[in-house]
Amino acid sequence: MASSPNITLYTAGTANGYKVSILLEELNLPYEIHTLDLGANEQKEAWFLKINPNGRIPAITDGENRVFESGAILLYLADKYDTERKFSYAPGTPEYAEQLSWLMWQMGGLGPMQGQANHFSTFAEVRSDYGIKRFTDETKRLYSVLESRLQESPYLAGDKLTIADITSFAWVIVGPLALDLQLGEWPALKKWSETIAEREAVQRGLKIPPSRLPQDEMVEFLAGKRREIQAKGNADKY
């Protein structure tokens, strides 16, 4: 290891936040946790904008370095601290190219599309049947892309868990909770998700920060939010 880590993770209980805490736990790195209150817009406060000018979580500081955007953080941690390449492939290899492709695929596709599906289905102030269908259908299509890859490879970049898997896994496990998607529709994706979820470090990472609600209560909370939206008039008609 080139230098001792001095890492603080600025995070909240979201899919993007879990990506980083999972990798930190898998790498067994020491780090401090600073949980931001997204409901109070703490991520828009001046002190945090100096760490992430975009005002989003997650972000990290590591000594004098700041790193924001979850994909950039995963690459930074892998490049600097995964010296044995347990969760990444070496630059220049075919596997590295595959890893980078799937990492960027998630950042540009699955995350934004499922994020919009989550918003329109669960958290929007108005009901838009068009928005719900458009982004939920696209999320399902992207799950099918993962399914196709995982039918031919145990992991996205090759034969081991890498940051490419971590970045998509954090979103896939949210699908059944926020969108009521049934992963059994994609059997290879379901098996891959369950295999990753069994890892002790992953389980630790998913508890950072600690949830304010037990999982069964969170499931009912999200289902209640979806029912609230469905009970509203469809704004697309007005």
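1. Helices here are DSSP runs of H or I with at least four residues, strands are runs of E with at least two, and both are numbered from the N terminus. The peptide bond leading from Ile-208 into Pro-209 is cis, with omega near -5°. Another cis peptide bond, with omega about 5°, links Ile-57 to Pro-58, and Pro-58 belongs to the loop between α2 (46-49) and β3.

2. A word on the source: this is a predicted model, in which local features need pLDDT of at least 70 and side-chain atom pairs count only at pLDDT 80 or more, while totals for chains, interfaces and linings use all residues. Residues are numbered from 1 along each chain as its sequence is written, and side-chain values use heavy atoms, leaving out hydrogens and water.

3. Now to the sheet. Its 4 strands follow the order β2-β1-β3-β4 in an open arrangement with mixed pairing; two strands pair if DSSP finds at least two bridges between them. The edges belong to β2 (31-35) and β4, each with a single partner strand, so one side of each has no neighbour in the sheet. From one strand to the next, the twist averages 20°.

4. Follow Ile-60 to see how the strands connect. β1 and β3 pair antiparallel over 4 bridges, and Leu-9 has Ile-60 in β3 as its bridge partner. β3 and β4 also run antiparallel, joined by 4 bridges, and here Ile-60 stands opposite Val-67 in β4. The hairpin of β3 and β4 has 2 residues between the strands, and Gly-63 takes a positive phi near 65° in it.

5. Among the buried ones are Ile-73, Tyr-76, Leu-77 and Tyr-81. The buried residues pack against β1 (7-11), α1 (15-26), β3 (59-62), β4 (65-68), α4 and α6 (163-172), where contact means heavy atoms within 4.5 Å.

6. How do α3 and α4 meet? The axes of α3 (residues 70-81) and α4 (residues 94-123) come within 10 Å and cross at roughly 155°. Axes are lines fitted to C-alpha atoms, for helices over the stretch in contact, with angles from 0 to 180 degrees between N-to-C directions. Ser-70, Gly-71, Leu-74 and Leu-75 of α3 meet Tyr-96, Leu-100, Leu-103, Met-104 and Met-107 of α4.

7. Also in α4 is Gln-106. At 1% relative accessibility, Gln-106 counts as buried. Beyond its neighbours within four places in sequence, Gln-106 has contacts that include Lys-19, Thr-167, Ser-168 and Trp-171.

8. Asn-41, in the loop between β2 and α2, has a positive phi near 60° without being a glycine, and at 43% relative accessibility Asn-41 counts as partly exposed. Arg-85 lies in the loop between α3 and α4; Arg-85 is not a glycine either, yet has a positive phi of about 55°. At 24% relative accessibility, Arg-85 counts as partly exposed.

Terms used
Buried means under 20% relative accessible area, exposed over 50%, partly exposed in between (1.4 Å probe, protein chains only).
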